[in-house]
Amino acid sequence: MSSVKQFQVTFDCAEPERVARFWCEVLGYVVPQPPEGFVTWDDFNRSLPAEERGSWFACSDSSGVGPRLYFQRVPEGKVVKNRVHLDVRVGTGLVGEERLATLEAECTRLVALGAVRVRLLTADEDNESCIVMQDIEGNEFCLD
């Protein structure tokens, strides 16, 4: 019998800390304390060689339920559709107009944080409505 594995979701991005802090707001995640011996993350970054400063950042679910998110700087920009897609569950158990209102409210909140609304996919015989969005570096995700 196999066991459930813990996992981390890694994002390639240009500005790891900025993107991590965006996702903290989206998911209710927290930024961990800086490494031992440092009061702030800025203090930690200043201790690194110039080429390594700001090269990664992480955040996690303070309850320990959700996966850790790791953000790493890469030299290339996003060229095509991202290959990992997060569905942010804000309308679980809701249907119809109540679901749409909940999705729209969350969409408005995230747009104020820098997200971009792409399109609304309306309910059909198989699926409930969801809103396709992009994070602050253009990675696609859905409000579901």
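Arginine 99 is found in helix 3, where helices (H or I, at least four residues) and strands (E, at least two) are DSSP runs numbered from the N terminus. The model is predicted, so local features need pLDDT of at least 70 and side-chain atom pairs count only at pLDDT 80 or more, while totals for chains, interfaces and linings use all residues. Residues are numbered from 1 along each chain as its sequence is written, and side-chain values use heavy atoms, with hydrogens and water left out.

Back to arginine 99: with a relative accessible area of 5%, arginine 99 is buried (buried means under 20% relative accessible area, exposed over 50%, and partly exposed in between, using a 1.4 Å probe and protein chains only). Leaving aside residues up to four places away in sequence, arginine 99 touches Gly91, Thr92, Leu94, Glu128, Ser129 and Asp144; contact here means heavy atoms within 4.5 Å.

Helix 3 also has a helical partner. Two packed helices are described by the angle between their axes and the distance between the axes. Helix 1 (residues 16-27) packs with helix 3 (residues 96-112) at an angle of about 155 degrees, and their axes are 11 Å apart. That angle makes helix 1 roughly antiparallel to helix 3. Axes are lines fitted to C-alpha atoms, for helices over the stretch in contact, and angles run from 0 to 180 degrees between N-to-C directions; under 35 degrees counts as roughly parallel, over 145 as roughly antiparallel, 65 to 115 as roughly perpendicular and the rest as oblique. At the contact, Phe22, Glu25 and Val26 in helix 1 meet Glu106, Arg109 and Leu110 in helix 3. Sorted by class, that contact has three nonpolar, no polar and three charged residues (Ala, Val, Leu, Ile, Met, Phe, Trp, Tyr, Cys and Pro count as nonpolar, Asp, Glu, Lys and Arg as charged, and the others, Gly among them, as polar).

What about the cysteines? A search of the whole structure turns up zero disulfides, a disulfide being a pair of cysteine sulfur atoms within 2.5 Å. The sulfur of cysteine 59 has its closest cysteine sulfur in cysteine 24, 3.8 Å away and too far for a bond. Cysteine 59 is buried, at 1% relative accessible area. For cysteine 107, the closest cysteine sulfur is in cysteine 142, at 11 Å, again too far for a bond. Cysteine 107 counts as buried too, at 3% relative accessibility.

Finally, leucine 120 sits in strand 5 (residues 116-121) and counts as partly exposed, at 31% relative accessibility. Leucine 120 touches Leu100, Ser129, Cys130 and Ile131, not counting residues up to four places away in sequence.
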